[in-house]
Amino acid sequence: LGRTAGLKQPTAYSAHPGYVIGQLQALGKRGIGEKFIYVVMSPTAGTYETGARPALYAATSSAATPGDFFGPTGWMPLLKHLKGKHSGEVKASKLAHDPELRKK
């Protein structure tokens with residue numbers, strides 16, 4: 001896609017949806033631990049629509065630069081995400097920036 005737009009090299013962005021309740025949780029095999037997490041996390045979970053926001057933001061924001069990582073933002077990101085707050089750039093884990101892991 002980047003090449004067809006005339007870019008010299010492809011660009012890459014990463015996005016995560018936050019915690020979204022969907023068919024995976026509803027239809028998957030669940031033990032007592034999974035059922036407990038489902039019940040506890042369901043009130044703060046997003047929908048498919050809210051889960052798509054970080055990827056849409058990464059794809060359409062003029063502020064996005066290659067290598068950025070997007071997801072629900074702010075304190076208690078799941079609650080903000082559920083309430084329709086905007087997604088944005090978030091900090092990736094230390095492992096995501098590990099140069100030795102990148103070589104693998």
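Visitor: What pattern does the protein chain follow along the sequence?
Guide: In this predicted model, the order is β-α-α-α-β-α-β-α.

Visitor: And how many helices and strands is that?
Guide: The protein chain has 5 helices and 3 strands.

Visitor: Where is confidence lowest, and where is it highest?
Guide: Helix α4, residues 77-82, has the lowest, with a mean pLDDT of 52. Helix α3 has the highest, at 87.

Visitor: What about the average for the chain?
Guide: The mean pLDDT is 75. Of the residues, 72% score at least 70.

Visitor: Let's pick a residue. Where is D68 found?
Guide: D68 is in a loop. That loop runs between α3 (48-60) and β2 (69-72).

Visitor: Is D68 buried or exposed, and why?
Guide: D68 is buried, because its relative accessible area is 9%, and buried means under 20%.

Visitor: Which residues does D68 touch?
Guide: Leaving out residues up to four places away in sequence, D68 touches Y13, S14, A63 and E89.

Visitor: What lies 2.8 Å from a polar atom of the D68 side chain?
Guide: The backbone nitrogen of T65 does.

Visitor: New topic. Which residues make the nonpolar surface patch?
Guide: F36, I37 and V40 make it. The patch covers about 310 Å².

Visitor: Where is F36 found?
Guide: F36 is in helix α2, which spans residues 32-41.

Visitor: Does F36 count as buried or exposed, and why?
Guide: F36 counts as exposed, because its relative accessibility is 58% and the cut-off for exposed is over 50%.

Visitor: Now G46. What is its place?
Guide: G46 is in the loop between α2 and α3.

Visitor: Buried or exposed, that G46?
Guide: G46 is buried, at 6% relative accessibility.

Visitor: How many residues apart are G46 and P17, and what is the gap in space?
Guide: They are 29 residues apart in sequence. In space, their C-alpha atoms are 8.3 Å apart.

Visitor: Back to the whole chain. What share of residues is buried?
Guide: Buried residues make up 22% of the 104 in the protein chain.

Visitor: Last one. Take contacts between residues at least 6 apart in sequence. What share joins residues at least 24 apart?
Guide: The share is 58% in the protein chain.

Key
Residues numbered from 1 in each chain as written. Predicted model: local features only at pLDDT ≥ 70, side-chain atom pairs only at ≥ 80, totals over all residues. Heavy atoms only, no water. Helix = DSSP H or I, 4+ residues; strand = E, 2+ residues; numbered from the N terminus. Buried < 20%, exposed > 50% of the residue type's maximum accessible area, 1.4 Å probe, protein only. Polar contact = N/O pair within 3.5 Å; in protein donor to acceptor, adjacent residues only side chain to side chain. Contact = heavy atoms within 4.5 Å. pLDDT = per-residue confidence, 0-100. Patch = residues over 30% accessible without salt bridge, like charges linked within 9 Å, V, L, I, M, F, W, Y side chains within 5 Å. Areas by Shrake-Rupley, 256 points an atom, 1.4 Å probe, with all protein chains shown as cover. Salt bridge = Lys/Arg side-chain N within 4 Å of Asp/Glu carboxyl O.
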